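Hi everyone, thanks for making time for this today.

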Amino acid sequence: MRQAMQKLLNADELLSHQTPETFATISQADTSWTEKLWASLFARDGSIQVDIGLGKYHNRNVIDMFAGVSRGKEQLTVRASRQLDLDTERVGVGPLDYEIIEPLRKVRWVLQENDVVPLRFDLTITGVLPPFLEQKDAQREPHGFRVQSDLLRYHQASTISGEIWLDGERIEVRDEEWFGFRDHSWGVRMDVGEVAPDVYKPQRLDGDFILTWSPMWLQRPDGTSYEIHHYLQSVDGEVTYFSGFENLPDGTQRPLLGMRDELKYDPVNRRLLGGKLTFDAGWGETRTIEIEPVSDTGFHLGTGLYFGFKGHRHGQWHGPSHLDGERYSDVAEPNTAREVHQLRDCVIRVREGDAVGYGIFESMVIGDHPRYGLSKESSFL
């Protein structure tokens, strides 16, 4: 008779256990537990961008993905989900697969031909800096007692090589012409699935809310490079979470203690227009980074199910196998922007003194914010 509560997986052959459990068991039974892989990869001239995400929801028995392209204001996305325990060892869903070539340095994403959008790719991501941890994101629901976020994440600045096929056209991807960032997070995550019908339902971002997240890679004239990264969440004017670091090539992280922004957003669709970020580096020192969008590209994450999309959410059960997606000709058009949400992976150029480089800037601004020129009437997810 098999022991109760025990189940062996192939990973149990590895000398990597940290608890007296098999790898079929995680530390808690919360259905919001998620392990997530993400990447945003772009041509440095701003002509095209690829976004990828894969989420494993251990306690939901679901693994899902999205992959897509932003080209100007056009956006294509394919999504898939499947029953996790039908193929536990595969790090992939539907047409998408993920391979670790060299741990913490080089990974590969492959999207096969599919029946949803005319897109496939084979892309290798190579770190130019070590991966860096962010501050643990630990937040309790504003009303009640449940911990709604207990999440650890690392990210990595990288170059990209490989091939993309879009509308039958082959696009060569070269390390010297492409850049991007990838991340890996795990833990209890906000906004996974629908809230159970018989429990207290917290309000979903209907007050004043600001979210900005940005890794920025900068290179000096002598060729040395570094990264400035931050993640900020603010509710009704109060910062609920902040992580900020200067990240150096030898793996050193120097903490940044806070941030003040001077940003501009389009009042119609709330797209980032650019501005400045000034960081408190401690002991009276500040660091100011100038940022500007590279082009009209910028993958809207709503189609990747961030904050929900057409009744679908991260980790939602869609049966043993599910595939869908769509193509938009103009995601900046106001009605479409509301459908795909304002949260987007905006490709930015960055400058600090004589150091220049690239970054990804994610932003969500909800509510009335006069300093940005944004009124409550134009607010949307």
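Let's start with arginine 327 and aspartate 167, whose side chains meet in a salt bridge at 2.7 Å, N to O. By salt bridge I mean a side-chain nitrogen of Lys or Arg within 4 Å of a carboxyl oxygen of Asp or Glu. This pair links distant parts of the chain, 160 residues apart: arginine 327 sits in strand 22 (residues 321-328), and aspartate 167 in the loop between strand 11 (147-166) and strand 12 (169-173). Strands here are DSSP runs of E with at least two residues, numbered from the N terminus.

Before I go on, please keep in mind that this is a predicted model: local features need pLDDT of at least 70, side-chain atom pairs count only at pLDDT 80 or more, and totals for chains, interfaces and linings use all residues. Residues are numbered from 1 along each chain as its sequence is written, and side-chain values use heavy atoms, with hydrogens and water left out.

The cut-offs are under 20% for buried, over 50% for exposed and partly exposed in between, with a 1.4 Å probe and protein chains only.

How many salt bridges are there in the whole structure? The search finds 23. Another one joins arginine 174 and glutamate 177, with the closest N and O atoms 3.1 Å apart. Arginine 174 is partly exposed at 32%, as is glutamate 177 at 37%.

Then there is arginine 371 with aspartate 261, where the closest N and O atoms are 3.1 Å apart. Arginine 371 lies in the segment after strand 24 (355-366) and aspartate 261 in strand 18, so this pair ties together parts that are 110 residues apart in sequence. Arginine 371 is exposed, at 55%, whereas aspartate 261 is buried, at 10%. Strand 18 (residues 258-265) runs antiparallel to strand 19 (residues 272-282), and eight bridges join them. I call two strands paired if DSSP finds at least two bridges between them. Methionine 259 has phenylalanine 279 of strand 19 as its bridge partner. The two strands form a hairpin with six residues between them, and arginine 270 in the turn has a positive phi of about 60 degrees.

Next, an arginine away from the surface. Arginine 79 lies in strand 4 (residues 74-83) and counts as buried at 6% relative accessibility. What does its side chain meet? A polar contact of 2.7 Å joins the side chains of arginine 79 and glutamate 326. The rule for a polar contact is a pair of N or O atoms within 3.5 Å; within protein, one must be able to donate a hydrogen and the other to accept it, and residues adjacent in sequence count only if both atoms are side-chain atoms.

Now the aromatics. Rings of Phe, Tyr and Trp (its six-membered ring) pair if their centres lie within 6.5 Å, and planes under 30 degrees apart count as stacked, over 60 as edge-to-face and the rest as tilted. That rule gives eleven aromatic pairs. In one of them, tryptophan 38 and tryptophan 213 are edge-to-face, at 5.3 Å centre to centre and 90 degrees between the planes. Tryptophan 38 is in strand 1 (residues 33-43) and tryptophan 213 in strand 14 (residues 209-219), so the pair ties together parts 175 residues apart in sequence. Tryptophan 38 is buried at 3%, and tryptophan 213 is buried at 3%. Phenylalanine 42 and phenylalanine 179 have ring centres 6.5 Å apart and planes at 50 degrees, so that pair is tilted.

Let me finish with strand 8 (residues 119-127). Seven of its nine residues are buried, so strand 8 is largely enclosed by the rest of the structure. Six bridges join it to strand 7 (residues 106-111), antiparallel, and nine bridges pair it with strand 11, also in the antiparallel sense. Isoleucine 125 is the bridge partner of valine 107 and stands opposite isoleucine 160 in strand 11.

Key: Helices (H or I, at least four residues) and strands (E, at least two) are DSSP runs, numbered from the N terminus.
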